[in-house]
Structure formats: structure tokens, C-alpha cells
Amino acid sequence: MNIKNNIKIYCGAALILGAASAITLNSCTEKIDSSHLYTFTGEMMIDHFENNPEQFSSYLTILGKVHPSKRSSSTMRELLDARGNYTCFAPTNEAIATYLDSLLKIGEVSSLSVDEIPDSVAESIVFNSIIENVDDEAFASTTFEEGALPLTNMNDRYISISYGNDSLNNTITYVNVNSKIIDADIEVENGYIHAIDKVLSPSNASVSELVQATPNTSFFGELLELTGWDKKMARYKDQEWEDEWDDIRGTMTPNGSFSAYYPEHRYIGYTIFVETDSVYNAKGITDLTTLKQYVQEHNGFDDDTNRGNKTSWENDYTNEYNWLNQFVAYHLIPVRLTYNNMVIFANEYGCDASMFKTRTANQFYVNVWEYWETIGIQRRSVKVTGCRTNGIIQRRLNRKSVYNQTTYREASSLMSQPGILVNPTNQTYNNDALNGNYFTIEDILLWSPDVPNNVLNERLRYDITSLFPELVTNNLRQNRTNNWIFNLSYLDNVVAMTKETLFQYLPNKNYESGMGAWMDYQADEFNIQGQYDFTMKLPPVPYTGTYELRYGVWANDNRGMAQVYMGKNPKNLPAIGIPLDLRSSSGTNPSSTGWVDEKTIAPVGPDSTDIYENMKTMRNLGFMKGAKYIQVNGGTGRDSQNNLRKIIYTGQFEAGETYYIRYKSVLASSNSEFFYDYIELVPKSVYAGENNEDIW
């Protein structure tokens, strides 16, 4: 659990609930405070287990042996008898007996009695089976989607859902591939119980080891070993942060009107996109010789991203300029992605906030996408698109979409590159490792000339959270249970931050009940306060050329002013332009930006030349309207004079190079906010091409 770091410290039974729960939870008191318990007339979870001993007596016994944290004298049995919202995948007596028998055979336990099992085994059974939903509703099976559930369990591991059919063609729901739900949606006062036929016991292998051990991914597993990337992706937890968190967890933080939590853990994670052996075989690839031939025919390695270095075609596979090393590296992302958070469905055009948990293929409106930087010194990116194909919502790699400019739906007849299909699961094989996930793909993933010159030759819009791997890996991005606060040691891509900088992440916690006034890309933002001064890495560009760097603005008079600096040397960055004024009464009012309501100038529709004339006027002042792609309460980013894009810089960016940006407050007030939502890197071919850049 995470201790709240402001003057509002909430104690009692409810505080044992945590947004980033783990084995070592923390609470304000060591005992459940019965004065804070609700009075219910129906069953609690423990009541149901007690009332059904023929099915759950073993699980009930084990719950009584396990404590929520090392600092708690209460047991999980007491916790599940209290208020809260939990999703429990409860193993039956038979499931536990089978599991203990398997451990007995390998010497992990010395007895089949649940009263005699070691604490470590008991904790594994319990913590892997329970998700704390905190203030949100527990997960009923009607809310399941194929892939990982959005919250981790008490062991900080994701629980995945997949589906199959029995001999009578009835749908079967599987948990973590192998455990079958035999009794779903047992509703109790403090959540949902789903009875399962096998104990949830996720792999403790690294993601590389899991790929190497999986029968249908053995060839790629060999490539990981040959290139040495398997050893480079072995990290799991940052112990230095664990020690630092112990020092700061009880402190108070003056953070204005926001309640914020330091994250308790800092896990390191990875994602691997893997061609199965059958995909290689279908291409005639059976060994290194045939793979090398294929890569030679299709690669684009010696482009701008290689910074003048020639690809080696010899057998020095651990050399990062070697052909095989580059091929493998382009499959690896230093972020722990799940199938469900590869892309974010939030407030894209056509989205209703009420769809967040109930979205179906029929409600899918426009594509969503993310650009993820892969491992390797070349700083290459892979685009993941969430799209609908033949009525099915999919994830595809390096898809090049063409859009109808009125609806922004794909014009499928003009699809130039459909992209590589990503599978949510790997058949009957587990794809969830201790430090990441792998996903099988249906074609060969390669940095070919078409990727930088076609797929990535577009407006690159980055939600700021996607630039911080730690937020994604540690399940903080879009985690609406809390606001989060970070210091310099937590975020690798923030290379400098003063002690006066209060770096806060705010997901819109009211997202499901209405977006309110949050005109944010993907419905979240950073709200940075204090006499802030911080420097961070910018994402890479796909090829060397002229780009515009744009900053997404949502102005109000609580904001402040920041001087922007940018360049290659983070310790000596030149200032860029005049300070960025984010106050609606001064820096971003229509007299300063040229903003005009389109409804008053173009009642005939979006193709009116008057709209584009207004766009030119705004560009001359260094501004653009917000993106029509972003929707809130039926309106879009183009409908408010406070929702803008500021053109920060126009000039050359070199592919493969690392650029840094610095923001420094220029106001005396420590309460002025720096709003940080999204940025855009836009090549000249888009903003000054043959056709006008679209308004999306």
C-alpha cells in the first residue's frame, strides 16, 4: 500500500486497501478497527467461505495464516471480513490439494496439510488470488476483457483473462491461462468471488527465460541468448527505491489542493514481441542463415537512426550494430505492457466516458495509438494501433492508417500497411513473467525503410505518461485510485529536478461519472508546482529532418509561466523563445492567440477556407487550436479558447540523437501550476506538405 503524503491521513480498515498493493502492504494501524466497519445484512467474503466449507475450507484456513503486511498483526481473514472492494479468485479445496501435491513432489512443502505449509507458500496462494479494487467496483465477469485486468493483485502481478470452449461449445473463462473459473460472480458485500479449479501461481522466470522455455517461441529464445539481450533484461525491482520509500513514506507534502501518494515500489519491466516458430517457418526461416537472408532483403538498418555506423553482418551478435542484435532489439520495449494498456482508450473522438469499462466492438469509434521506443542505441520506435478489423478490436504493430477527415474513421480501402497482429495470449502457454510480458505476433517485425518513411512519417502525439516507463510498469498510468507524486530518483527520463519541484500525476478520478472540465489527452495530466525546474528526455524522431515541437495547453489562471530550454546537452540547454505563459487571462486569451470560434466563421462545415485562414493566423502567432481528436462532454479540443497547442520550436532534429527539454518557472509564486499533458513532434512533410495538416 502507499501512505498518503499530505495532511489528510486516513486510518482504519479501509486504508489497508492500496492502489499498488504488494506483499508488503502498510497500514495506519496493525489491527482492524471494528468501529469503521459497515453493518451488512448480506454475506461478506469470509461469510461465504465459512458457509461453504466443502468448497473453501482450505482457502479459509490459509487466509487465517497470512498477514496483509509485515507490520500488521491482523490476518487476511480479518481483512476480507471488513469493508472494501475485492476481486477474489478463490481456489477450491481440490485445487489447493492438487497444488500442494505438486509442491510436495519437488520438496517445496513437507506435508499436504494446509495447517503446516510454510508462510511463503500461504502468502503466494493468497496474494496472487486477490485484487484490491479500493474505491472502484470489484471485477464481475461481465467486465472482463481478454488480456490483463487493469489492477494488479496483492503480489503486484497482473491477472490475465482468456476464453475457450468445452465439448458442448460452452464458453469457458480461464485465469492466467490454466485456471478455469468454475463458479463466477459470487456477489458478496465487499466484492466478487470467482471460484477457480487451479491455484494461481505465476511464473517467477524473467520474461526472457519464459520466452526461451516456451515450446512455440524457442527460435526467438535462441536469438535472445545469442545477442545477450536475455541477460540485459533480468532486472525486476529497484531495491534502492524500496529503501528510499521507507524514509519518505511517513512525511507530509505541501501539495496544494491535491492528495498524493509516493509509489511504494519501483519495478523494472520489459515487453517482448515474439514471432512464433510457425511464423518463421511460414517465411522459410529455419535457422540463422535463412533469417540473415530475410533481414538483408528487408531491413533499413543503415538509415539516419544508425548515426553513420554501418551494420555488421558478421557473427559478433552482441555488438549493437550487428544485424541480429538490431533485429532482436527492435522486438524489445523497456516497459512492462499488458495487452490492455499497449494503447489507451480514454477520451478519443466519439468516446463516451460511460464506455470506459463496458466498451464493445460496436462502440469502437476511432483508432487509438501509442509510440513505444524500443531497446537499443538507435532509438527506434514501434507504433501500436488499437483498431477494429472485421468487427474485432485488435492491436497491430506499425499500421499505416488513412482516415476520413470528417469522421476520422479508417478508410479501409486506402489502407497502405495493415500492420502486424498482436495476440492477447499465447494459446495455452503463459506469457506473464516476473518482470514483464511477451506477446506473439503474426508476421516478422523489422525496422524496414517503410517504417520511418511511411508509418512514422506523421504527426507524433505523445501523452506525457507514455514517456515515463516507470508509470506504466508500476501500474500508475491511468490508475484512478489516487494521485501520484514523484521525485528525481523515480523517473529515469527526468534527468534533473530541483528539490522545490513538486512533480504530481493526476488521473481524472471522476472519469467514469463524467469528464467534467478535463480537456486532457487520454484524460490525465501532470500538475507540477513549486519553484519548479526540471529537465527530461524527449522521444526520438524516425528520420533526420525539420520538425515542429508542440506543447498541449489547457489554460487557466491557476497556471504559471515557464521558460523552455532545449538541446542535446542536458547540463547546458539554450533557452527557446519567450517564456510560455499558461494563464488564460494573459498568455492564451484570443487577443494573443488569434483563436476564433469555428461555429461563427464556418457554419458550412470543416472544409471552409475561413477555418484554414484562421489556422494560418494562429500559426503566425505560434499557436494552434486543440486537436479535434480529444473529446470532452460532447465537445472537442477545438471548441475552447483555452485548449491550444503552442509551437515551442521549429528546426532540425537528428534521428538516433537524444534531445532534452527543460521547464523552469519564472514566477515568484510557488503555487502556480505547470500543466503537462502531451507533446507533438511533427515533420515538415505534415505541417508544410502538399496538403493542409488535418484538424485532428
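1. Which residues line the second largest cavity? In this predicted model, the lining consists of Gly147, Ala148, Tyr158, Ser160, Asn176, Thr338, Tyr339, Pro424, Asn431, Asp432, Asn437 and Phe439. By class, 5 of the lining residues are nonpolar, 6 are polar and 1 is charged. Two strands, β3 (147-148) and β16 (436-441), each contribute at least two residues to this lining.

2. The volume of the second largest cavity is about 110 Å³. Searching the whole structure gives 7 cavities of 30 Å³ or more.

3. The largest nonpolar core comprises 132 residues, and Phe327, Phe674 and Tyr676 have the most contacts inside it. Apart from neighbours within four places in sequence, Phe674 touches Phe526, Asn527, Ile528, Tyr532, Phe534, Tyr551, Ala562, Leu580, Leu582 and Tyr663. There is also a second, separate core, of 34 residues, with Val66, Met76, Ala90 and Ala122 among them. As background, nonpolar side chains in soluble globular proteins tend to be buried together.

4. On confidence, the average pLDDT of the protein chain is 87, and 88% of the residues score at least 70. Residues 1-41 have a pLDDT below 50, and this stretch makes 126 contacts in the model beyond near neighbours in sequence. Residues 512-516 also fall below 50, with 13 contacts in the model beyond near neighbours in sequence.

Technical notes: Residues are numbered from 1 along each chain as its sequence is written. This is a predicted model: local features need pLDDT of at least 70, side-chain atom pairs count only at pLDDT 80 or more; totals for chains, interfaces and linings use all residues. Side-chain values use heavy atoms; hydrogens and water are left out. On a 1 Å grid over the protein atoms alone, a cavity is a set of points where a 1.4 Å probe fits but cannot get out, and a pocket is an open set with protein on both sides within 12 Å along at least five of seven lines; lining residues have an atom within 4 Å of a point. Grid points are joined across faces, edges and corners, and a volume is the space filled by probe spheres set on the points. Helices (H or I, at least four residues) and strands (E, at least two) are DSSP runs, numbered from the N terminus. Ala, Val, Leu, Ile, Met, Phe, Trp, Tyr, Cys and Pro count as nonpolar, Asp, Glu, Lys and Arg as charged, and the others, Gly among them, as polar. A nonpolar core is a set of buried Ala, Val, Leu, Ile, Met, Phe, Trp, Tyr and Cys residues joined through side-chain atoms within 4.5 Å. Buried means under 20% relative accessible area, exposed over 50%, partly exposed in between (1.4 Å probe, protein chains only). Contact means heavy atoms within 4.5 Å. pLDDT is the predictor's confidence in each residue, from 0 to 100.
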